[in-house]
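Q: Could we go through this structure together, taking each kind of feature in turn, with the general idea stated before the case?

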Amino acid sequence: MKPTPLNQPKTMRPLLLLIPVLALVVWALVPQPPAKLFRQLPSSRTGISFNNRIQESDSLNVLRFEYLYNGGGVGIGDFNKDGWQDVFFTGNQVSCRLYLNQGQLAGKPLTFKDITKEAGVGTNAWCTGVTVVDINQDGWDDIYVSVAGFGPDTTRRRNLLFVNQASGAGKPVTFREQAQVYGLDDCGYSTQTAFFDYDHDGDLDAYVLTNALDQHNRNALRPKHVKGEAASNDRLYRNEGVGAAGHPVFANVTREAGILTEGYGLGIAVSDLNGDGWEDIYCSNDFLSNDLIWVNNRNGTFTNRAPDYLTHQTHNAMGVDIADIDNDQLPDIMVVDMLPGTNERRKMMLPGYNYNRFQMDLAMGYQPQFMRNTLQLNRGQSGGMQEGVPSRPNFSDISQLAGVDRTDWSWAPLFADFDNDGYRDLLITNGYRRDVTNLDFTAYLADLHAGGFGEGQKKNAKAYQQLLQLPEVKLANYCYRNRGGEGTLAFEDVSEKWGFDAPSFSNGAAYADLDNDGDLDIVINAIDDEAFVYENTLNQESQKKVPENNTWLRLTLDRNSALGTKVNLYYNSKVQTAELNPTRGYVSSVEPFLHFGLGNAAKVDSVEIIWNNGQYQVLRNIPANQLLHIPYRPMGIYKQPLPTTPAYFQEIDPQLWGLDYTHTETEFNDFARTPLLPHKQSQNGPPLAVADVDGNGLDDLFIGSDFEQESYLYLQQANGRFFKTKVPKEANQEDTGALFFDADQDGDSDLYVVSGGSHAEGTSAAYQDRLYLNDGVGNFSLSRQSLPTIDISGSCVVAGDFDQDGDLDLFRGSRLIPGQYPMPGKSFLLENRGGRFLDVTDQLAPSLRTLGLVTSAAWADTDRDGWPDLALCGEWMPITILSNQAGKQFSVHKVPGSSGWWNTLTARDFDQDGDLDLMAGNLGLNTKYRASPDEPLEVYAADFDNNGRIDPILTEFNGNRKWILPTRDLITSQIPSMKRRFSDFQSFATATFEESFTEEEIQSAYHLSCTELRTMYFENTGTTFKPHPLPQEAQFAPVYGIWTEDFNHDGYLDALLVGNSYASETVGGWQDASKGTLLLGAGKGAFRYSPNPGILADKEAKGLVTLQRTDGVTWIVIANNGNRLQIFQWSQNRKEINRNSFPALSARYLPPSRSVGR
């Protein structure tokens, strides 16, 4: 027995023994953090020690070889057919390596053995992409490696093909390099290769994604190369079948297949994008070059349909993945870029936008592209079936709404259901070895090389030394949980929560069930670090399940080759769709299985397999939690099902009826005057108005125009065609609002046109509104004496008898004072006195002088006192009600918490309770801007540099701190003296708003805030308006036009919304995701989104009106800025729409849906 120490009493010994026990009790009582879904395994555990190490030098660095840090990929395959997935890594300056999964032999899952040398797959080339494919269809996985690299010797860039020589299961795995004899030793600058049967002849063809070592600035504007002449033109190799040597032989058919458009290729994915049963190709391209969507013409040729399918693209496109993220059986597209999420990183990377350069790009034939990730949501076909083939799909970029647009220097996007809840989550790898986009560094290089004097070698040496001082962009990878199970299209950032918190320079990645436990593990290739192996712990009994009880089903398709096969899973009234195309993400290929998480489903009702040759088969009542081998047993030719939801609208060609109008936007660069504007103010037309102006009982149409353009009146004839006449105006006048109403009480419709825009600075005679009086048969004359002098840029006009004297009075909304954004301009209340309109604003509604940047208005008796009130909305404004006090005064009521960037509103009794509610179109959530009551979007406006011009400083919250939103280049363009405050980009990037201006400057500035960006329905409760956000699809883009009607005859009001804006500054980019949104009323003011409405309003729609035809049907006419009119016929034909059928409205108000200025 050990003696008690002399200084320790014997009575203390039992207490000391209790200390460890007490510690365990305390530890058990303290809440422990939840187990992370993924566990990073060290190389000592896995045996995977691959490290894609890059050695820089003064002769080989990113200044000389800009793709030095683009990294390598990961390939997954079962090379020895033991039922366990193996891993192949490509290396740049190091050899590729192959690791054999030892899970079965070692009795310990996720253990691997490096067999590179004995397998014969060592390399001595700059290897980029890897594709695992059974190229000779012998049942054994082969490896195709794409090769790039620096230097003029193209022979060192020959692609490699390692053909599996295995002779049986359990035998040693060996490969033979045979690219040359197969005809696949392409020696261009290959990034990645996808194999698929593009001609449906039963064998696999190869598409080689290609880049180039161009010596010039790759973003320098130049004509597109579209004749196959570019070094960066991709290659297509057709499989000619088995040759004399007993293996397939490939032939280069690039030119005859029509693959002739260049692209600095970094990512490739194959998918049947248009649903015709033939695989198409998406190529994500870097720098100036646009992405390409090669649509399979089913005759051996392809056509680039990217301009038709997409409204805009990612600028520096890296990796790409295609999968169905919302379980609507349509493939969606994710392309990643390099936009940072933090304020400092963005300020150190983004220069000021260049509007003129953007316009030059468009003029040169380039599609719009913006520096951010894009998540292109597939909205379905635009026109049903044409000759048995679906028409083009329509995509909306919802990356900003989904919250996945900013993931910094990104490489591999991968969609997969990591938590088995039935919705595909998103992994994005990122990081870069040297921060070469650091603006202080680029400024140093510009100064160093300015003038062209001095020895080039010394300058290069200085530049290299400065390069070595740059910070690293070593970042944690991103992982997003798909929140589709919550009924939303948004993703939740669970990077840290799920275990992705290790900073790295990550590139290619792949997922696979490496331990055969029913969940997906992840392998990532990194620069200057050991490869990452992440074990998914979802199905481990030792881990707390996250979430509980999620089941799964994994499919392997036993047909060689099954690439391109599509599978639909039906269970619990749900459906999932997936295509077997392992090449995806970035320079990598994932496991050759189809993995489905099933949530809590115990079984799958049916599995529908649509084989890549057009045959199909169905399996029923499949239990969950198994790997199901599906043999090829076709049941017949698959036929594409027709849409089951009836379309409400059908597009009509306006030209057939004489409506030959195309709006021309006269070019005006608002940003040249005020660089800090968030968007142009000159791009708000054209306005529309409808009335029977010639007394023949048929609706006629007025269409306004920009300055220096012509406005027209289209008169409807008895035969249904329209006769066009000009409406005269001054050349410097831009039409922004229009209204037909009886101004002089002679029984016909007169025309009021609002003048607006921003081309004339300050107040100007160019903004004088016009009243055209009708002679009763449609001849109009300008009445110069009927209106007061108005010299402020306007937006809208609405008519209502606010004083109840029997004639219609007017409200004229003012948009802004050009050059003084966001200072308010005076709006006008105009009283009708015998056909002449008197400005009574100061007497009856003085608040209108400074109310704000008004965009839309409606007369509506909101308090049911018998007097029409005025509902208003605007930019940086709350929804505002001017309550009519018996025609003698208007009092202002602002809806709390509603300050937004509102564009339009309408008043209807949506909840059928007898009073008028409001529906208002806002900016939406699919934008770079974020706003909430706690963290508002704000603007501070003042002449900060005392040069006579207003400087609008927008601010945002990021990381709980308030920052200046514009970049340093932008703010110094507007306020040159800011260069003295911030001598470099770093000091500007780290300064908060309060640190950027003095307290006096901030306090004296004109200040506005925005707390709400959602398009809303406002319920009239009798005492206030209660806001209700409209469905998520209504938040895809700014809403400029709303038409309400009971489209489906269920007794509830529905709403058709149109919008989009191309007026945004050119870094944040266009807001163009709307295709026209039909919301069906569900009673009590609730709305649900209706897919397949039959309407495709995908242009910059600024408003819409309804027009009655000679045959009694209703047309919806949509005004598009800079584009042609669109007309859609409402298929639910009615004899007539009663112009005064609006609940609680009377003949004293002109229904706003009949005359729209926005």
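A: We begin with burial: a residue is buried if its relative accessible area is under 20%, exposed if over 50%, and partly exposed in between, using a 1.4 Å probe and protein chains only. At 0% relative accessibility, Asn-420 therefore counts as buried. This is a predicted model, in which local features need pLDDT of at least 70 and side-chain atom pairs count only at pLDDT 80 or more, while totals for chains, interfaces and linings use all residues. Residues are numbered from 1 along each chain as its sequence is written, and side-chain values use heavy atoms, with hydrogens and water left out.

Q: What is the radius of gyration of the protein chain, and what would a compact globule have?
A: The radius is taken over C-alpha atoms, and the globule rule is 2.2 Å times the number of residues to the power 0.38. For 1158 residues a compact globule would come near 32 Å, and the 33 Å of the protein chain agrees with that. The C-alpha trace spans about 105 × 85 × 80 Å along its principal axes, and 63% of the 1158 residues count as buried. The accessible surface, computed by the Shrake-Rupley method with a 1.4 Å probe and, for residues, with only the protein chains shown as cover, comes to about 42,200 Å², of which 50% belongs to carbon and sulfur atoms.

Q: How many helices and strands are there in the protein chain?
A: Helices (H or I, at least four residues) and strands (E, at least two) are DSSP runs numbered from the N terminus, and the protein chain has 18 helices and 76 strands. With contact meaning heavy atoms within 4.5 Å, 62% of the contacts between residues at least 6 apart in sequence join residues at least 24 apart.

Q: Which residue has a positive phi of about 55° although it is not a glycine?
A: Most residues other than glycine have a negative phi, and most peptide bonds are trans. Asn-420 has the positive phi of about 55°, and this residue is found in the loop between β26 (410-416) and β27 (425-430). Glu-708 also has a positive phi, of about 70°, and lies in the loop between β45 (700-703) and β46 (711-716); whereas Asn-420 is buried, Glu-708 is exposed, with a relative accessible area of 53%.

Q: What does the side chain of Asp-142 reach?
A: Asp-142 lies in strand β7 (residues 142-148) and is buried, with a relative accessible area of 0%. The side chain of Asp-142 reaches the backbone nitrogen of Ile-135 at 2.9 Å. Beyond its neighbours within four places in sequence, Asp-142 is in contact with residues including Phe-79, Thr-131, Phe-162 and Phe-175; from Thr-131 it is 11 residues apart in sequence and 8.4 Å apart in space, C-alpha to C-alpha.

Q: How many aromatic pairs does the count come to?
A: A pair of aromatic rings is described by the distance of the centres and the angle of the planes. Rings of Phe, Tyr and Trp (its six-membered ring) pair if their centres lie within 6.5 Å, and planes under 30 degrees apart count as stacked, over 60 as edge-to-face and the rest as tilted. By this rule the count comes to 53 aromatic pairs. One of them, formed by Trp-876 and Trp-901, is edge-to-face, at 5.3 Å centre to centre with 70° between the planes. This pair links distant parts of the chain, with Trp-876 in strand β57 (residues 869-877) and Trp-901 in strand β60 (residues 900-901), 25 residues apart. Both of these tryptophans, Trp-876 and Trp-901, are buried. Phe-993 and Phe-997 form a tilted pair, 5.7 Å centre to centre and 50° between the planes, and both Phe-993 and Phe-997 are buried.

Methods
A polar contact is a pair of N or O atoms within 3.5 Å; within protein, one must be able to donate a hydrogen and the other to accept it, and residues adjacent in sequence count only if both atoms are side-chain atoms.
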